Amino acid sequence: MLETLKLAFEYFPDRVSEKSPDPAVREVALLLKQRPMSLFSRSIHVRMVDAGSPNDVELEEQLMMAPRVDAERFGVHFVASPRHADVLIVTGPVTQNMRVALIKSYEAMAEPRAVVAAGDGACTGWPFKGSYALAGDGRVESAVPVDVKVPGNPPDPYELLAGILKAGMIIDQKRKGKSK
Amino acid sequence: MTDETKKFSGIIQKSLKPGAIEAWEDRGGCIWAALRQGDLVPACKACMANGAIFDSGFVSSRPGGAFEVSYLFRVPAMGRMLILRAKGKEFAALSATVNAALWDERKMQDLTGLKLTGIPDSRPLIFHPESGMPDKHPVGGKALVRQKNDDYVIKGTGVEGEFELAVGPVHAGIIEPGHFRFHILGEQINKLETRMFYLHRGVEKSVEGKAAIEILPVIEQISGDESVANGVAYCHAVERACGLKVPERAEYIRAILMELERIYSHLSDLGGMPTDVGFTMSASRFAVLREDMMRLNRKVTGSRFLRGMCVVGGVSDDMTKEKLSIITSTLTDFENRLAHVERFTLESSTYLNRIFSTGAVPQKAAADLALVGPVARACGVSCDLRRALPYSAYPDAGFRESTEKTGDVLARFLVKLAEVKESVRLVNWLASHMPSGKLQCGPAVAESEEPERAGAGWAEAPRGGCAFLVELSEDGKIRRLACRTASFRNWRGAENLVPGDIVPDFPLINKSFNMSYAGTDL
C-alpha cells in the first residue's frame, strides 16, 4: 500500500502555477486562466508535421504528452490525421522534399484551424538558410500561413504547450468571427 | 607505424598489382592510403577479405572536374580506421559486390553527378524528382540533368495476390517523416522499401566555406538526440586534421556529456518499445525517467539537449564540483528507479511474449549490411567504437561492452538497458576521476601552410558509431565535410530484415531499431 502511494507521487504531474520559477510554466498558467477548461468543449486536437527538424522538437512533444507535463490534462491531444486536428504544429526548416506533404496536410484540415511554427528552424530557417535543399528560405510561413511562433533550440515542453494554448485562443477568435 | 599496421599493409599490397598503393600514411589515429583509380575496388575487397569492416563511403571534389572517392573501414587487427582514397573521373561501384555500400554510392552519385559503373540501383536517393531538384549537383557543381522519365519506381516481388501498402511521409505518431512501401500478402510482408531523405537539408554543403570553429550549432542540428556525439566526432576530425592536443579534463567532460546523452536517448527507445505494443504503464514510467534526466541536463549545462558544450579544442563550460555532485546524486536515485521500472516491465509476460523472437536479425545479415550500434550488438556483433577505436576518455574508464545473441526486439531492449546502466557507471567513474587542467587548448584552428588538411573523427552515438571526414583549407575553413550517422547504416537493415514478419510488428521493430530520419537524410 505504502509502495503504491509512493509510486503515485513519484509519477505525479508538475504543479502549474503562476508562481513557478520557470517563466514558461507561468505563461501556461496564465493562458489557462484566460481560456479556462470546460467539461465538454475547448479541447485542442493537434497534428504535428516534421518538415525538417532534427527530431529535437518531436522528442519534446513526446515529453509534453508524458506524465510530468501531461498536456492531456489541459485538453491537448495529439491525433493521427490532419483531418481530425484543430492545430498543426510544424517543425522546420521546411525542406524541398517535405514542402508538398506539409501543404497537403494543411489543406486537409477543417476550418477553423491554426498553425504553430515550433523551433528556431521553423521560425527563421536557421541554420540552413540559403541551402539548396530548403523550400525557399525554409520558414514555415513561406509554405503555409502561421498563427503562432514558438522559437527555441528546441522549445521546451511548456513553451510548446503555451504555443498550442495560444493557437486554441486564435481558433476561438476565428470561430467567433465566422458566426457573426 | 606499428607492427600490426605494417603487417596489414603487406597483406593488402600482396593481393594487388604492384604500385597500386601510392601512399600509406599513419596520421591522426587513421591510416590514409592513396590508390590508383582502377585499384580502389580491388583494394577494398582485399581489406574486407582480411577482416576490415566497411564503415562508409564519401566523395569530395578536386580541381579540374575530378573527384576523390574515399572508403572508410574499421580494422580491428590494427585498432585503426583505414581510409582508402583514389582520385579520378570515373569509378567502378563497390556496391556491385558489397551490398552495404549501396546507399553510400547512390548518395555519391546524387551529390556529384558521377556515374559509378555497375551500381545495382541507379535511382536518385537524396533528391525526389517529384518535389523538384536543384540546378546543379552540390559537390563539384556539375549541372544536374534530369532524366526524361525520372519517376521513382518501387517494384514488388511479383507474387500473385500481393498488394501495396503505402505509409508516410507524414506518420500517425509524433515522429519524423519517411515513406514506407510494403508489398504484402495478407498480413505477411514480402518486401519493404523505405524512401527517406524527406529531411534532406543540405548539412554537408551548407557548412562549406565557413570557419571550422563556428559550425558546431549546425553539426548539432544533424540529429537532435545525438547532438553531443556528432559534435565530439566532428571536433575530433578537425582536431586531428590540425594536430591539436585537447586537454584531458575537456575529454573527460565530453565523455560525461556523451554518456548523459546516451542515457536519455536510450530511455526514449526503452519507453518506445512498450508504447508500440500498447504497454502504456511501462512507457509512462520510462518517459518520466527521461524527463527527469533532461531536467538534469538543463541544470548542469543550460540545454536539455546538452547543446553548446562541445567546441573545437575542448569544451565551452566547466563541470564544477557542485555540478558533478548534482549529477552523481541524481544518478544514484535514477538507478534505483530504473531498477524498479525494469522489474515492472520485464515481469509482464504479455510484453515479453510480444517482443521475444520478433524482428530477429541474423548475425550474418548484420555483418553483410555493416550494421552498427545496439542493433548489431543485439545479435552478437561486437562493434562498439568506445572499445574498437577508443577515443576521448574511454580508454581510461574501462568500458564494458554489452552484447546479446538472439538479435530480436527483446535482445535490443536488453542491450539498451545494459548500456544505460553502464553509462551510469561510466559517468560516476569519470566524475570521481576528473583530472584538473584547462578546458581548451590554445588557438583552436590556426592558419597553416599545409595545403591539404584532412581528418577523420568518430564516436559511438546512442544509435551506433558515426563517422566524419573533414577537409580544411589553408585559412581554417571547411572545404568539404562528409558525415555518416549510425541511422544511415541501419535503415537498410530494417528494409532488408523486416520481410517475413507481419505488418503490425513493423512499428515495434522500427522502434527497436530506433533510427533517426534527420540523421540519415542530413
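Predicted model: local features only at pLDDT ≥ 70, side-chain atom pairs only at ≥ 80, totals over all residues.
Residues are numbered from 1 along each chain as its sequence is written, chains are lettered from A in the order in which they are written, and side-chain values use heavy atoms, with hydrogens and water left out.

**View 1. Chain A has six helices and five strands.** Helices (H or I, at least four residues) and strands (E, at least two) are DSSP runs, numbered from the N terminus. Along the sequence their pattern reads α-α-β-α-β-β-α-β-α-β-α. Of the 180 residues in chain A, 56% are buried; buried means under 20% relative accessible area, exposed over 50%, and partly exposed in between (1.4 Å probe, protein chains only).

**View 2. Chain A meets chain B.** Here 48 residues of chain A are in contact with 52 residues of chain B, contact meaning heavy atoms within 4.5 Å. The buried area is about 4000 Å², with 59% from carbon and sulfur atoms; this is the accessible area (1.4 Å probe) that the two parts lose on being put together, summed over both. On the chain A side, look for A:Asn97, A:Phe128 and A:Tyr132, which lose the most area to chain B, together 19% of what that side buries.

**View 3. Salt bridges cross between the chains.** The rule finds five of them across the interface of chain A and chain B, each a side-chain nitrogen of Lys or Arg within 4 Å of a carboxyl oxygen of Asp or Glu. One of them pairs B:Arg295 with A:Asp14, where the closest N and O atoms are 2.7 Å apart. In another, A:Arg68 and B:Asp292 bring their closest N and O atoms to 2.9 Å. A:Arg68 sits in the loop between H3 and strand S2 (76-78) of chain A, and B:Asp292 in helix H8 (residues 280-301) of chain B. A:Arg68 is buried at 11% relative accessibility, and B:Asp292 is buried too, at 18%.

**View 4. A salt bridge within chain A joins A:Lys174 and A:Asp147 (3.4 Å, N to O).** These partners lie 27 residues apart, A:Lys174 in helix H6 and A:Asp147 in the loop between helix H5 (120-124) and strand S5 (148-150). A:Lys174 is partly exposed, with a relative accessible area of 34%, and A:Asp147 is partly exposed at 30%.
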